[in-house]
Amino acid sequence: MNIFLTLFFFISACNLKPAHGEERLQIKGLNLGIYEKGTYMGIFTNLNDNDQLNLRLNYFKIPIGKYDIGLSESIKLNFSSFGAQFNYRKYFQAKRYQGFFTQAGIELNNYSLYSRVNLSELDYQIGNVTLLCPSCSSLELSIKPKAIAIIPSLSLGWTKKLTKNISLDSSIGFQYLKINNAEWEYNFNSSLPFFVRDEIEEAVEDINSQIQKLPRIYPTASINLSYYFK
């Protein structure tokens, strides 16, 4: 809810006209859409018949299933994304924001993959011996930026007017994204037994060795519905 309140106040502030001097950029409409990091809501303004600027706010949180990371049981992973994206869009022809366009964007995003692992439910191996740790608590396992990830992107898209005030567009392109290493944190008064700690560190080391092999360039795609104010 806070993200939509923020957008509301931003729209209100942008539409205020100064008492004197030149008129500020006016918000021309709203857009709703979905892209590879979830859903978003945004506002846009027109610079001329070919060029647009928009601001999109994203918030998304969803479980994505169970994954085997080398522990005795698969763990449940969740994905969350929260951020803002600024885009400059240029249409190839002056047809009032229709047809093909190119788009350059910069996104500030705090995404994460995370899981809470109940260590007391897992088995641990020392040679041929299987051990349990009923007194162990849960640990937090996560993959996320140290602060805010800065993600540039370039896209090519197409816009189709559905009505006088509503248009639909889609785009596809690529983005630069560096995925950080996985980290784990155990928040409990007592320390972990060595056989539990060793197994966790081995699993996380395997994850990070795979992350380091990942590319830095990824596809990006979106579908967007825009509403133009009258």
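How many helices and strands does the chain have? The chain has 2 helices and 13 strands, where helices (H or I, at least four residues) and strands (E, at least two) are DSSP runs numbered from the N terminus.

1. Basis of the note. This is a predicted model, in which local features need pLDDT of at least 70 and side-chain atom pairs count only at pLDDT 80 or more, whereas totals for chains, interfaces and linings use all residues. Residues are numbered from 1 along each chain as its sequence is written, and side-chain values use heavy atoms, with hydrogens and water left out.

2. The chain as a whole. Of its 230 residues, 40% count as buried, a label that means under 20% relative accessible area, with exposed meaning over 50% and partly exposed lying in between (1.4 Å probe, protein chains only). The chain exposes about 13900 Å², and carbon and sulfur atoms supply 60% of that area, as computed by the Shrake-Rupley method with a 1.4 Å probe, where for residues only the protein chains shown count as cover. Among the contacts (heavy atoms within 4.5 Å) with a separation of 6 or more, 65% are between residues 24 or more positions apart.

3. The largest nonpolar core. A nonpolar core is taken here as a set of buried Ala, Val, Leu, Ile, Met, Phe, Trp, Tyr and Cys residues joined through side-chain atoms within 4.5 Å. The largest such core has 23 residues, of which Leu119 and Val196 touch the most other members. Two or more residues each come from strand S4 (75-91), strand S9 (138-143), strand S12 (182-186) and helix H2 (194-211), and H2 gives the largest share, 7 residues. Leaving aside residues up to four places away in sequence, valine 196 touches Leu119, Tyr124, Cys133 and Cys136.

4. Leucine 71. This residue is found in the loop between strand S3 (51-67) and S4, and leucine 71 is buried because its relative accessible area is 12%. Apart from residues up to four places away in sequence, leucine 71 touches Val117, Leu122, Glu199 and Ala203. Leucine 71 and glutamine 125 are 54 residues apart in sequence, while their C-alpha atoms are 9.9 Å apart in space.

5. Strand pairing around S6. Two strands are said to pair if DSSP finds at least two bridges between them. S4 and strand S6 (residues 112-118) run antiparallel and are joined by 3 bridges; asparagine 78 has tyrosine 114 in S6 as its bridge partner. S6 and S9 also pair in the antiparallel sense, over 6 bridges, and the bridge partner of asparagine 118 in S9 is serine 138.

6. Counting a salt bridge where a side-chain nitrogen of Lys or Arg is within 4 Å of a carboxyl oxygen of Asp or Glu, the total comes to 7. One of them joins arginine 116 and glutamate 140, whose closest N and O atoms are 2.8 Å apart. Since arginine 116 lies in strand S6 and glutamate 140 in strand S9, the pair ties together parts that are 24 residues apart in sequence. Arginine 116 is exposed at a relative accessible area of 60%, whereas glutamate 140, at 26%, is partly exposed.

7. The side chains of arginine 89 and aspartate 169 meet in a salt bridge (3.2 Å, N to O), which links distant parts of the chain, with arginine 89 in strand S4 and aspartate 169 in strand S11 (residues 166-176), 80 residues apart. Arginine 89 is buried, with a relative accessible area of 3%, and aspartate 169 is buried as well, with a value of 2%.

8. Glutamate 36 and its partners. The side chains of glutamate 36 and lysine 37 form a salt bridge (3.0 Å, N to O), and Glu36, Lys37 and Glu107 are linked in a network of salt bridges. Glutamate 36 is partly exposed, with a relative accessible area of 34%, whereas lysine 37 is buried, with a relative accessible area of 5%.

9. Threonine 220. The side chain of glutamate 36 also makes a polar contact with that of threonine 220 (2.9 Å), the term denoting a pair of N or O atoms within 3.5 Å; within protein, one must be able to donate a hydrogen and the other to accept it, and residues adjacent in sequence count only if both atoms are side-chain atoms. Threonine 220 is found in strand S13 (residues 217-228) and counts as buried at 10% relative accessibility. Beyond residues up to four places away in sequence, the residues that threonine 220 touches include Ser153, Leu154, Ser171 and Phe174.
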